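The following report concerns one chain and its packing. Please consult the sequence and the structure shown here.

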Amino acid sequence: MVPEAVGGLRRTTTADRIGHVNELLAQAAARPVISTHDGQPPHLHYADENADVVTRVQATTAAGLAMVLAGAGPDRLGRCAAPGCRTVFVDVSRGGRRTYCSPACATRVDVAAHRTRSRSRTLPAGGPEGTGSP
Ligand SMILES: [Zn+2]
Ligand SMILES: [Zn+2]
């Protein structure tokens with residue numbers, strides 16, 4: 001379900017995002033339970049502790065996405081705009097306009113754009129000898 005959950009984030013409208021996460025919650029049949037296992041303080045589990053790992057991951061993913069949508073807002077789920085990057089993220093920036101998953105992706109895109117600009121500047125329309133002085 002995790003890849004499908006990620007794929008669903010490509011849907012752009014708020015209604016689509018909410019509908020998709022509601023579908024995931026229904027499929028996961030998330031059943032929250034407060035646990036104190038291993039001497040830990042009370043905390044939430046979204047599936048029975050004895051359920052198989054796939055069921056637990058489905059329930060936890062669906063619940064986590066639902067909490068982001070309902071808590072932070074549906075526009076705070078993003079997918080990195082860098083070519084070749086499939087990372088999804090929760091946008092916790094003040095303005096909520098994050099485009100890339102990380103500074104590394106932002107830098108990669110900036111460097112590629114800079115190289116493209118530089119290349120087009122050093123290749124004059126008349127031919128390769130255009131950069132020398134007379
Ligand atoms: Zn636990
Ligand atoms: Zn990225």
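## Contacts of alanine 28

Apart from neighbours within four places in sequence, alanine 28 is in contact with Gln58, Ala59 and Ala62; contact requires C-beta atoms, placed from the backbone, within 7 Å of each other. This is a predicted model, in which local features need pLDDT of at least 70, side-chain atom pairs count only at pLDDT 80 or more, and totals for chains, interfaces and linings use all residues. Residues are numbered from 1 along each chain as its sequence is written, while chains are lettered from A and ligands numbered from 1 in the order in which they are written.

## The nonpolar core

The largest nonpolar core has ten residues: Val21, Leu24, Ala28, Ala30, Tyr46, Ala47, Ala59, Ala62, Ala63 and Leu65. Such a core is a set of buried Ala, Val, Leu, Ile, Met, Phe, Trp, Tyr and Cys residues joined through C-beta atoms within 7 Å; buried means that 20 or more other C-beta atoms, placed from the backbone, lie within 10 Å of a residue's own. Helix H2 (14-28) and H3 each supply at least two residues of this core, and H3 gives the largest share, four residues.

Helices are DSSP runs (H or I, at least four residues), as are strands (E, at least two), numbered from the N terminus. H3 covers residues 53-72, and its buried residues are Gln58, Ala59, Thr61, Ala62, Ala63 and Leu65. Just after H3, glycine 73 adopts a positive phi of about 120 degrees.

None of the 20 residues of H4 is buried, so this helix lies largely in the open.

## The whole chain

The chain contains four helices and four strands, in the order α-α-β-β-α-β-β-α. Of its 134 residues, 11% are buried.

How values were computed: Expected span 1.5 Å × (residues − 1). Buried ≥ 20, exposed ≤ 12 C-beta atoms within 10 Å, placed from the backbone. Contact = placed C-beta atoms within 7 Å.
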